[in-house]
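Look at the sequence and the model together.

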Amino acid sequence: CDQALAAWKECRESWRWRGEALLKLGDAAGAEASFARSIELSRDPEPQAHRGRAAARLRRGDGAGALADLAVAARLVPEDASLRAQRGHAHLALREWARAEEDLSFVLKGAPGDAASLQGRGTARLRQGRLAEALE
C-alpha cells in the first residue's frame, strides 16, 4: 500500500487498503488516519472507509466517533446486516443496551445462529435486567 501511495498520493482506494492493513496489524491510530484520508479524497461517501474508521475508532476508545461513522455507512447501505452487527457492538461498548439489542436483533432475524450477535444481544438484555430473555 505504501508503494502505491508513493506513486499516487490521491488514490482513495490505496488509503482505504492501507487502513485495512494497519487495522489488522493492530495500529488503530494509523488505520484511523488512513481511513480518514480515504474519506477526504472520496467524492461520494464510501461505506467501507467509514466502517473501517469506525472499527479503528472503537479500538481507540472513541465510541461516539465510531457511531458517527457507522451512521454515515448505515445511510448508504441501510439493510446491511454486518453493518448493523458492527453498530450493535459499538452500542454495547458505549453501554447503550437498548440500541445494541435493536441492532443485534435485526441481525439475528436474517442469521439466527450468529454467535457474536446472540452473545451481544444476551448481554444487552442482561444489562437491562431481563435475565430470562437474555438466555434466549
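## Helix α3 and its neighbours

The buried residues of α3 pack against α2 (12–24), α4 and α5. Helices here are DSSP runs of H or I with at least four residues, numbered from the N terminus. Contact means heavy atoms within 4.5 Å. Buried means under 20% relative accessible area, with a 1.4 Å probe and protein chains only. In α3, the buried residues are A28, G30, A31, E32, S34, F35, S38 and I39.

This is a predicted model, in which local features need pLDDT of at least 70, side-chain atom pairs count only at pLDDT 80 or more, and totals for chains, interfaces and linings use all residues. Residues are numbered from 1 along each chain as its sequence is written, and side-chain values use heavy atoms, with hydrogens and water left out.

## Two helices by length

The expected span of a helix is 1.5 Å times one less than its number of residues.

| Helix | Residues | Span between end C-alpha atoms | Expected span |
|---|---|---|---|
| α6 | 13 residues | 18 Å | 18 Å |

For α6, the span is close to the expected one.

## The cores

A nonpolar core is a set of buried Ala, Val, Leu, Ile, Met, Phe, Trp, Tyr and Cys residues joined through side-chain atoms within 4.5 Å. The largest one has eight residues: A54, A66, L67, L70, A73, A74, L83 and A90. Two elements, α5 (63–76) and α6 (81–93), each give two or more residues to this core. The largest share, five residues, comes from α5. Apart from this core lies another, of six residues, including L23, F35, A55 and A56. In soluble globular proteins, nonpolar side chains tend to be buried together.

What does A74 touch, leaving aside its neighbours within four places in sequence? A74 is in contact with L83 and R87.

## Helix α6

Buried in α6 are L83, R84, A85, Q86, G88, A90, H91 and L92. These residues pack against α4 (47–59), α5, α7 (97–110) and α8 (115–127). After α6 comes R95, with a positive phi near 65 degrees.

## A loop residue

E46 sits in the loop between α3 (28–41) and α4. Is E46 buried or exposed? E46 counts as buried because its relative accessibility is 13%.

Not counting residues up to four places away in sequence, E46 touches R12, R16 and L76. The side chain of E46 also makes a polar contact with the side chain of R16, at 2.5 Å. A polar contact is a pair of N or O atoms within 3.5 Å; within protein, one must be able to donate a hydrogen and the other to accept it, and residues adjacent in sequence count only if both atoms are side-chain atoms.

Key: Buried means under 20% relative accessible area, exposed over 50%, partly exposed in between (1.4 Å probe, protein chains only).
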